[in-house]
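Work through the exercises below with the sequence and the coordinates at hand. Each task is followed by a solution in steps.

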Amino acid sequence: MRISRIVPSAALVLAVSSGTALPAAAGAQVGQQAGQQVSAQSNGHKKVLVQLHETGGFAGIDDRVTVYTNGCARFSRRQTPAVKKCLTRGEMRELRGRLKRLRVGCSEKRPQGADFIKYTLTYQGHRASRYTLPSTWGPVVRQLEKVLHKYTAPA
């Protein structure tokens with residue numbers, strides 16, 4: 001859709017869209033929506049689909065995976081620089097299928113002892129931390145760990 005503005009005088013503003021003249025208010029709205037789409041794409045604005053943060057354990061794990069709705073992700077590990085990669089269509093399809101069955105639920109109380117891994121999942125505005133993986137978390141966490149290792153492995 002091509003949007004242009006014609007300003008013959010300060011009193012009259014028309015927006016032309018596909019050959020049809022629109023009133024100033026409608027034209028401004030169309031132009032504003034198009035501008036928002038362009039600015040969102042140019043600013044790299046991304047919406048988070050799911051996020052996993054694993055910490056703890058004897059080795060001092062600190063791994064993060066953030067997958068965005070556009071299929072791209074950010075991977076970081078304790079002593080390596082963050083990596084940005086896009087998941088394959090198959091990986092995204094598999095992940096979305098597993099997320100449909102995910103129930104984030106409530107956080108789990110920290111167990112006694114020192115050698116536990118804490119899993120924190122964020123999905124659809126819900127966030128919880130667990131030390132043991134509930135049945136709906138397991139497939140999601142395993143897949144996110146799998147892509148983390150795949151995309152952060154040394155070349």
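**Exercise 1. Overall composition**

What percentage of the 155 residues in the protein chain is buried? Describe also the secondary structure and the surface of the chain.

Solution. The model is a predicted one. Step one: buried residues make up 29% of the chain. Step two: the chain holds 3 helices and 9 strands. Read from the N terminus, its elements follow the order β-β-β-α-β-β-β-β-α-β-β-α. Step three: the accessible surface amounts to about 10,400 Å², and carbon and sulfur atoms account for 53% of that area. Step four: among contacts with a separation of 6 or more, 40% join residues 24 or more positions apart.

**Exercise 2. Strand β4 and its partners**

Follow strand β4 on both of its pairings, with β5 and with β8.

Solution. Step one: β4 (residues 48–56) and β5 (residues 61–68) are joined in the antiparallel sense by 8 bridges. Within this pairing, H53 is opposite R64, and Q51 is opposite T66. Step two: the two strands form a hairpin with 4 residues between them, and G57 in the turn has a positive phi of about 80°. Step three: β4 also pairs with β8, again in the antiparallel sense, over 7 bridges. Here G56 has I117 of β8 as its bridge partner.

**Exercise 3. The largest nonpolar core**

Identify the residues that touch the most other members of the core, and the element that supplies its largest share.

Solution. Step one: the core has 24 residues, of which V67, L95, L121 and L144 touch the most other members. Step two: at least two core residues come from each of β4, β5, β6, α2, β8 and α3. Step three: α3 gives the largest share, with 7 residues. Step four: take V67 and set aside its neighbours within four places in sequence; the contacts of V67 are then V48, L49, V50, C72, A73, M92, L95 and L144.

**Exercise 4. An aromatic pair**

Classify the pair formed by F75 and Y151, and decide whether each residue is buried or exposed.

Solution. Step one: the count of aromatic pairs is 1. Step two: the rings of F75 and Y151 lie 5.4 Å apart, centre to centre, with 25° between the planes. Planes under 30 degrees apart count as stacked, and this pair is stacked. Step three: F75 is in strand β6 and Y151 is in helix α3, so the pair ties together parts 76 residues apart in sequence. Step four: buried means under 20% relative accessible area. F75, at 0% relative accessibility, therefore counts as buried. Y151, at 14%, counts as buried as well.

Methods. Residues numbered from 1 in each chain as written. Predicted model: local features only at pLDDT ≥ 70, side-chain atom pairs only at ≥ 80, totals over all residues. Heavy atoms only, no water. Pairing = 2+ DSSP bridges. Core = buried A, V, L, I, M, F, W, Y, C linked by side-chain atoms within 4.5 Å. Buried < 20%, exposed > 50% of the residue type's maximum accessible area, 1.4 Å probe, protein only. Contact = heavy atoms within 4.5 Å. Areas by Shrake-Rupley, 256 points an atom, 1.4 Å probe, with all protein chains shown as cover. Phe/Tyr/Trp six-rings, centres within 6.5 Å; stacked < 30°, edge-to-face > 60°.
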